[in-house]
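Here is a friendly walk through the structure, with the side chains taken alongside the fold. Keep the viewer open as you read.

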Amino acid sequence: MNAMDDARNVLARISAFDFGASGIEPLKGGSNNRSFLVRTAHAWFVLRLSDPANVPVGVDRRRELRIHEAASDAGIASTIVYASVDDGILLTEYVAGAQLRFEELERRVVVEQLASLLHAVHELP
């Protein structure tokens, strides 16, 4: 079975995800997980699959999930649609954006936005 089949099978098992994926494509990057952009008629999502038996040293998926939930509740991270640490599944709403380029740090407004975001992160429970 290939990565795309794995993604389709996982989506089929998630009862909260019952509105059918119209497109699934692998996302590049990441050294430990397989991630996919999932398009539906209603919204876009990101599906992350990890191997619970092969978690890198120092990675605590339960802690990671708690932090993601807190950040989502604070409005600074994507909404979690479904998560199973034991199965290595994380499905979140897709958040469109662009990668910050180094030269953008010369703009005061960008630095202020980053400082505000960093402050929000440090205010998380």
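Arginine 39 and glutamate 25 form a salt bridge, with their closest N and O atoms 2.7 Å apart. The pair links distant parts of the chain: arginine 39 sits in strand 2 and glutamate 25 in strand 1, 14 residues apart. Bear in mind that this is a predicted model.

How exposed are the two partners? Arginine 39 is partly exposed, with a relative accessible area of 25%. Glutamate 25 is partly exposed as well, at 31%.

## The hairpin around that pair

Strand 1 and strand 2 (residues 34-39) are paired in the antiparallel sense, over five bridges. Within this pairing, glutamate 25 stands opposite leucine 37 of strand 2. The hairpin made by strand 1 and strand 2 has six residues between the strands, and glycine 29 takes a positive phi there, near 95°.

## Other salt bridges

The structure holds nine salt bridges. One of them joins arginine 34 to aspartate 6, with the closest N and O atoms 2.6 Å apart. Arginine 34 belongs to strand 2 and aspartate 6 to helix 1 (residues 3-13), so this pair ties together parts that are 28 residues apart in sequence. Arginine 34 is partly exposed, with a relative accessible area of 37%.

Arginine 108 forms a salt bridge with glutamate 112, and here the closest N and O atoms are 2.9 Å apart. Both residues lie in helix 3, four residues apart, which is about one turn of the helix. With a relative accessibility of 65%, arginine 108 counts as exposed, whereas glutamate 112 is partly exposed at 41%. Elsewhere, salt bridges that share partners join Arg48, Arg61 and Glu64 into one network.

## The sheet and its helix

Let us step back to the fold. The protein chain has three helices and five strands, and from the N terminus on its elements run α-β-β-β-α-β-β-α. In what order do the five strands line up in the sheet? They form an open sheet in the order 1-2-3-5-4, with antiparallel pairing. Strand 1 (23-27) and strand 4 (80-84) stand at the edges with a single partner strand each, so one side of each has no neighbour in the sheet. On average, neighbouring strands of this sheet are turned by 20° against each other, direction ignored.

Strand 4 pairs with strand 5 (residues 89-93) in the antiparallel sense over four bridges. Tyrosine 82 stands opposite leucine 91, which is in strand 5. Helix 2 (residues 61-73) packs on the sheet and touches strand 3 (44-49), strand 4 and strand 5; the direction of helix 2 makes about 165° with that of strand 4.

## Leucine 49, a buried residue

Leucine 49 has its place in strand 3. Is leucine 49 buried or exposed? The relative accessible area of leucine 49 is 5%, so this residue is buried: the cut-off for that class is under 20%.

What does leucine 49 touch, leaving aside residues up to four places away in sequence? The contacts of leucine 49 are Asp6, Ala7, Val10, Asn33, Arg34, Phe36, Gly88 and Ile89. Two of these names, Asp6 and Arg34, are also the salt-bridge partners described above. For a sense of scale, the C-alpha atoms of leucine 49 and glutamine 113 are separated by 31 Å, and these residues are 64 apart along the chain.

## A nonpolar patch on the surface

Leu100, Phe102, Leu105, Val111, Leu114, Leu117, Leu118 and Val121 make a nonpolar surface patch of about 720 Å². Phenylalanine 102 lies in the loop between strand 5 and helix 3 (108-122). At 68% relative accessibility, phenylalanine 102 counts as exposed.

## The whole chain

Taken along the principal axes, the C-alpha atoms of the protein chain fill a box of roughly 50 × 35 × 25 Å. The chain has 125 residues, of which 29% count as buried. The accessible surface comes to about 8700 Å², and 51% of it belongs to carbon and sulfur atoms. Among contacts between residues at least 6 apart in sequence, 41% join residues at least 24 apart.

How values were computed: Residues numbered from 1 in each chain as written. Predicted model: local features only at pLDDT ≥ 70, side-chain atom pairs only at ≥ 80, totals over all residues. Heavy atoms only, no water. Pairing = 2+ DSSP bridges. Helix = DSSP H or I, 4+ residues; strand = E, 2+ residues; numbered from the N terminus. Axes fitted to C-alpha atoms, helices over the stretch in contact; angles between N-to-C directions. Contact = heavy atoms within 4.5 Å. Patch = residues over 30% accessible without salt bridge, like charges linked within 9 Å, V, L, I, M, F, W, Y side chains within 5 Å. Areas by Shrake-Rupley, 256 points an atom, 1.4 Å probe, with all protein chains shown as cover. Salt bridge = Lys/Arg side-chain N within 4 Å of Asp/Glu carboxyl O. Buried < 20%, exposed > 50% of the residue type's maximum accessible area, 1.4 Å probe, protein only.
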